[in-house]
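Here is a short briefing to read alongside the model. Please take a look at the chains before moving on to the notes.

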Amino acid sequence: MNDTEKIDRRTFLSWFGLAWVSFAAATTGALSIILRFLFPNVVFEPPTSFKAGFPNEYETGVVDERWKAKYGVWIIRVAEGIYALSTICTHLGCTPNWLGGENKFKCPCHGRGFYKTGINFEGPAPRPLERYRISLAEDGQILVDKSKKFQQEKGEWNNPESFLTL
Amino acid sequence: MLESFKNFLNSVSSPVTIFTSAVLVFALFVTFPRQATSKPAGLAVLLLVLVFFGIGLTDEHFRTIVSTPDNVPIVGLIFLFGYFTWYAMRKAVINDRRIEKGEPTVEQAETNEKVLVFPYLIFIEFVVALAYAVMLVLWSIFLKAPLEEPANPTVSPNPSKAPWYFLGLQEMLVYFDPWIAGVLLPTFIILGLCAIPYLDRDPAGSGYYSFKGRKPVIIVYLFGFWILWILLILTGTFLRGPNWNFFGPFEVWDVHKVVPLVNVNLSELIFIKWLGVGLPKLWFLREAPGILTVLAYLVIPPAILAKTVFKNVFKKLGAVRYSILVMLLLVMVALPIKMYLRWAFNLKYLVAIPEFFFNI
Amino acid sequence: MKMNIGKFITESQLYKSMFRHGYSTSERDRALSVMTNVFFHLHPVKVRKSGARFGFTWCAGGLSFFVFLTLVVSGILLMFYYRPTVEYAYNDIMALREHVPFGIMRELHRWGAHAMIITVWLHMFRVFMTGSYKPPREFNWVIGVILLVLTMLLSFTGYLLPWDQLAMWAITVGSNMARATPFLGHEGPGAALLSLGGIQLVHAGSDVRFALLGGRFVGAAALLRFYILHCVAIPTAVVVLMSVHFWRIRKDGGISGPL
Amino acid sequence: MAKPSPSLYSISKTFVWFALVSLLLLGSLIAIVLLDHHRDWKNWQKKFIALKLEKTEKELKAADEKLDKKKIQDLRLEIARTESDLKAHQSERAARRKAAAALEPRLARAKARAQDLKQFQDSYKYFFEEYRVLGDRRAADFEKKLAEIAPRLTEAKADLEDLEKESEAKKAALEAFAQKEKDLQKALDQILQEKTRVEKKIANVKPSLAKDILNAPMLDFLHPSLQIQQIALDGLEDDYHFAKTQKVDRCTTCHLAIDQKGFEDAPQPFRTHPKMDLYLGAASPHPVEKFGCTVCHSGNGHSVSFITASHTPHDEAQAKEWVKKYHWREIEKWDAKMLPIQHVQAACAKCHRSVVEVPQADKLNRGRRLAARYGCFNCHKISGFEDRWKAGPDLRRVGSKVDREWVIRWLQNPRDFRSSTRMPQIFHLSNTQSPDEKNRDDAAIEAIAVYLMKNSETVELSVPPAIGNAEKGETFVKQLGCLGCHSLPGIKGGDAAAELSGLGSKVKPEWLYAWLKNPRHYSPNTRMPNLRLSDEEAADITAYLLSNCNDPFEKSAAPKARPEAVDQMLLDSMQGTMRHADAQKMLAGMTDEEKLEALGKKSIAHQGCFACHAIKGFEDQKPIGAELSNESRKDIHQFDFGFVDIEHSRRAFIAQKLRDPRGYDKGKVKAYYEKLRMPQFHLSDEEIESLTTFVLSLTDESMPLEMQKRPDLREAGVEKGRLLVSKLNCNACHALDGKTGALRALTEDPGAAPPILDGEGAKVREKWLHEFLKNPTPIRPWLTYRMPTFGLSDEETKTLVEYFAYLAHENISYKGAEVPETSPEKIEAGKKLFGQLQCAKCHEVNADSAAMGASFLAPDLTLAKKRLKPEWVKKWIEDPQTLQEGTMMPTFFADGQTPITDVLGGDAKEQIEAIRDYLYRYEAPDKTKGETREAKIPIANQAA
């Protein structure tokens, strides 16, 4: 106790408090810097979203296959709006074909059939095709975001982002 | 003969039969430890397992799966842990008998005798380490480490499986959402393991094999380890095929197998099937029954138990430790409960709020 | 003559500077051989008879440490041939298989890793069955649990490195669980509630899985991160915790035994 | 009680230190965070947001002004009215809503039932199939199950459909009430669409507290609005010396509007790219996602800071400005510096290989042309340009053209004789200014003259038949087309060949006469064509050309070589190969003339004259220039800047080298034969810039094949032709392939100018063209210009024929004259139309037409059948203006209508064909026999 008496108790306590508080803050700060370090400002990943032209480029009732090869997306315009359908079969990941004459998607691997809406109706496949997030970019083009999927069986097709109302 | 036996095994095996029979075997084991740890019983079980594997290995499909390089450790693990469980229990039974007779346990009898580490312990370690090294080298010689085709982010293998030691968690995904199976339960497992010494503070049974004096603790631990961890790993590794469908041990993994998925949420059961009024639009109304059930599950049993079965425990541990203990036990038991609910009622989720990714 | 050579060696300054005690079978020399040897010194000079028995410990803890050492050695050797990039990783593993002298090192490493997990589980099993977590060893048990988790993470992070289908998809499946972390994963409960001005705060590019993988999917960044975790970050943590673990064994009274 | 251990210092006082260092640590961490957070590019993005906001707000104002306020008002009122209408029906609506809702659970159950049954059916199907194939007994069970479930499923589906129908009907009934309001709202939305869009845009751009928080330090990983932009280029790579990495361009981080229209006047870095139709645009040939930025501009695409991106100023002023604004400095350690804007075309050549001219890259093309003109390719090996011709005349017979004195005077400084000459100055340049060096230069000059004369073959020359008429000669020179390639003193013609000045002081009349009659007689490889001059024409032109003399040049001194200088130089040159004593001995044994010849040989070899001129004795000599194939990537340290105080960059070195080729010798001590040898071309600044661009375009950097412009067979044919066309200088006279020649510019009357050859491949038959090129015959007799005979080889002719055909997207066929099938009636009709439309008025040369002036004259139609393609004739008659804008050929069938209705039923198409068919059977009336115009050729298909 001898040495504490040399400075008065109050001063000691305020230095004590200040010391520990700033030490704790510095430690927390250093840890959060480490955490922030894990999130780079720029990553080398292919863009998950792409601009798919203007809505009026799409004909109502037609399955548009122009982005199938590059992005794996069908864009389909119906009377009420537009939706983007994944080209990955929910069965085993093959790529179905659009058969315009029969008005259905048919998977060449195991004969899975889907309606134009993406709902499955024949052959093996546990669930409908998935839809991607679709919206209008500020320049008026359609923006398809593949990072967000909507599954019908989860009731996600009611999500306004899964369908672009026009 | 063999074929029909295999067919029989295939047709009777399902998650529910396997799980239930495992629980039954486990119950037998802990109820009759003395008989179970006798040498004839041990030999019999060993023989049974060996015969099963012997028969199994004649089946091409079974052989393929069991001898997949990364699955081999699991086969070893069955024998190793089976043996050591039996062995530890046997020692415990011997000690229990000695305690009953008022004799010191085997370990106690020697506790005051100290031996020089060098050479006695060092030597054991040395030889055992060498034997272990030999085992590793032989293993490496006879089994090539797997190397499949180069990684292809666009083609996912069916089934895609996590490393075998996490397959228990992946198997839990069948019954729980990822946030529970993948995050909550592992966290609880780790925390629960850490909490063991702080919840089981009975000094008896420290430093020697025993069973009788520590029955509840050991039963819970063995149940968690064998049934909820090892068994799920075995199921996930050997019995889950494409699309995570269940396959019998001798059933070929056919990617086209279709198993009806007719699971429903509790809210659908109540509002549509039973009340026939349609789902309420607001999520908290819709999920109210489920939320209440879960809350009740977490509140009522602890309260009742504290007054009845766990009265002494409650007294010994105090409110905080008691609630931690009960919470951990409840979460642990929640897994089999949910499994049986699924099997019995096709129950998908008790609480299903996909809006917030919150499903229980 | 033979004896003389032995004597000549054991009495040389070089030998004495290293061992500080004679090579004989006297109690004192045996005790000294433990006390003066940094490696043996992990142990006390004497242990309980019961604790020294293989039937009691199954040597599982010691073997866990031993297999860790073999993994460190084989792992360091493998690092000479392995480059953690998507262009080279697979080929380098292939090279180990095809033409690198003693490429069996990879098998030793992989099976050693599996063996380590099993051995660590077995160690925990034994410690539990003998009630060795009880006071005063509670805290050491906790450290043991953490070491067990780290062991599995070590194996998990190493699983990705061959960069084949098995690796990539096992890690994809495993790491997918992280996206369901409550509040911190973008598909976890509560994440949707975290938004500011209509902007989602937790998304695939800012959640805990991203921090783990360095990307939205298992790609080049994930390979590098897992490599660093596997070779540097986790082993360092393991070594530190192991030191504490061993130290505590000594301080808590050595290999457990009845009180 | 144990004695307390002694204390070392006061623990409580140490807390002061603890607190202080903790605070310091905290402060330094905060400093790290703030420093890390501060980035230049964020400031630029903020500035851009302000700019964009300003612009968008203007847009909003404009959109708002465009709105029909009245209509909106009306619509809103009407909506309000329908809303109140709706209120009146509230109870009814509630009832209907309830009815619809009541159906929901039934619907849900029916749906679930149908789905479940379907799943079971699928499952049974699988097991049935599986067991049946395996021959398992259980197959029968599943077959039964399948049979049982089928009707149930059908029923469930029917139920579901009924319910769905019912539910939809109920919903529709409910909707019906609100339909009108919905329609109105839709109409209103439609009107407001543009405004809403702009408003949304503003909301996106506008700063807000939320955005500030998301951009705050530590939190800026969540969803920052300020972000690094990057274009990852899959097909392109950065070359890091033997290793390649994917190209990534982050330029758009600051150049935010580079590919957005509407920022054309914005300050940099926010300006829109000035050539969006050529670059960056999605529809342009170089879309930004595929090509990025640095593949053309160079620089460090990975960088997001001004300096490390290696921006390069285009001049001193800009450099100064940048230093002031951005603390700019040159990045010494980065190799691929950004190309300054005036040289950016150099990058085109990376991908546009194997083309003579890169489309739209004028400066680069000019650089390439200049390089060919000044013979750069002759001295410097440059891969891709090996097949170029020698820039200077053949000197193997020079003795019959000029004399020794002239050569000596000429080499002093060629510009003294003719200021426009391409011949560079080789002697008396900045690095040979000392008296000794001047003596050596003079010695070398005379020695070269001696060598050339001694090694010249004699060529037979004929004396002109008569003294020519210089005046007539002048007319010929101006009218025959000489001016396409040559200029005259005071008259600017083409510059492909030498200016025709001072010839009186240079050549002998016999030589000039013989040269004009047949250039190849003197120089077999000359590019000068044969104009098929008559003896008289040649004599007249000779007289005219010789009348121009250069008196000051003739009077200028022709310094003699000093013997001691000759000896010294020979000794120096021999020193490398023999002992000094031996060399002296050898010298002693030589006559002065021999010494001069030996020195001449040495000097030609040393100065590299043989690279541009064919000289006897140097047939296999390697040119003296350094290879430039990879000059744009040559290590900067390999450039010897000497004591010349300029910026140390490749482009500065190259420009300075072109400006003063010997300049880098400044201040250096060098022996005569060690000095720099590149001659002085006296280039203009503009020429230097173009040539620098060209040199900077020389790279061996391998671009991925799919990124390169790879010519197909036809394009390759066109390119081969283009090279030949540029050698033959066809463009000097003809407008062709986007270029108009010097001669057309000199001709006032377009009808008198050499013909336009665009679309020639579609017009004329390949067989005819081949024959014509080999041996031209007049087609337009009224033209004074004469198509020369180039003496083309078969290979060259073929190249040209293919060039014309491919250029016009035609296929090649060497079939002879093909007469279109037709009927006699049609020919008769054609004849009639031919008369009525008065075709012969222009298409026939006679006294009447001569008076009309050249513009109204048209080719002789008797040639048509051999010369023209029938399809082309049809198109030509139909619409000549499309095929050749500005032609004097009248459009008779404007918009597919015919002015003559009584022939072939007034069908324009038939009529055109009739005219064409008549043409293919037409022969000019032989006036001497008094014949009338008539088809003489029997109708081919009739005979057949």
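Predicted model: local features only at pLDDT ≥ 70, side-chain atom pairs only at ≥ 80, totals over all residues.

Residues are numbered from 1 along each chain as its sequence is written, and chains are lettered from A and ligands numbered from 1 in the order in which they are written.

**Chain B as a whole**

- Chain B holds 15 helices and three strands; these are DSSP runs, numbered from the N terminus, with helices being H or I of at least four residues and strands E of at least two.
- The C-alpha trace of chain B spans about 75 × 55 × 40 Å along its principal axes.
- Of its 360 residues, 28% count as buried, where buried is 20 or more other C-beta atoms within 10 Å of a residue's own, with C-beta atoms placed from the backbone.
- Among contacts in chain B with a separation of 6 or more, 68% join residues 24 or more positions apart; a contact puts two C-beta atoms, placed from the backbone, within 7 Å.

**Domains of chain B**

- Chain B is assigned domain 1 (2-116 + 208-244) and domain 2 (266-359), with bounds from an automatic or database domain assignment.
- The C-alpha centres of these two domains lie 31 Å apart.
- Four residues of domain 1 are in contact with four residues of domain 2.
- On the domain 1 side, α2 (15-31) and α11 (215-239) of chain B are the elements that give two or more residues.
- That side divides into three nonpolar, one polar and no charged residues; Ala, Val, Leu, Ile, Met, Phe, Trp, Tyr, Cys and Pro count as nonpolar, Asp, Glu, Lys and Arg as charged, and the others, Gly among them, as polar.

**Chain B with chain C**

- Here 71 residues of chain B are in contact with 87 residues of chain C.
- Elements supplying at least two residues each to the chain B side include α6 (72-100), α8 (117-142) and α10 (178-199).
- The most comes from α8(B), with 14 residues.
- By class, the chain B side has 47 nonpolar, 12 polar and 12 charged residues.
- β1(B) and β1 (residues 46-48) of chain C pair in the antiparallel sense over three bridges; pairing takes at least two DSSP bridges between the strands.
- B:Leu116 has C:Lys46, in β1(C), as its bridge partner.

**Chain A with chain C**

- Seven residues from chain A and 10 residues from chain C make up this contact.
- The chain A side divides into five nonpolar, one polar and one charged.

Terms used: Buried ≥ 20, exposed ≤ 12 C-beta atoms within 10 Å, placed from the backbone.
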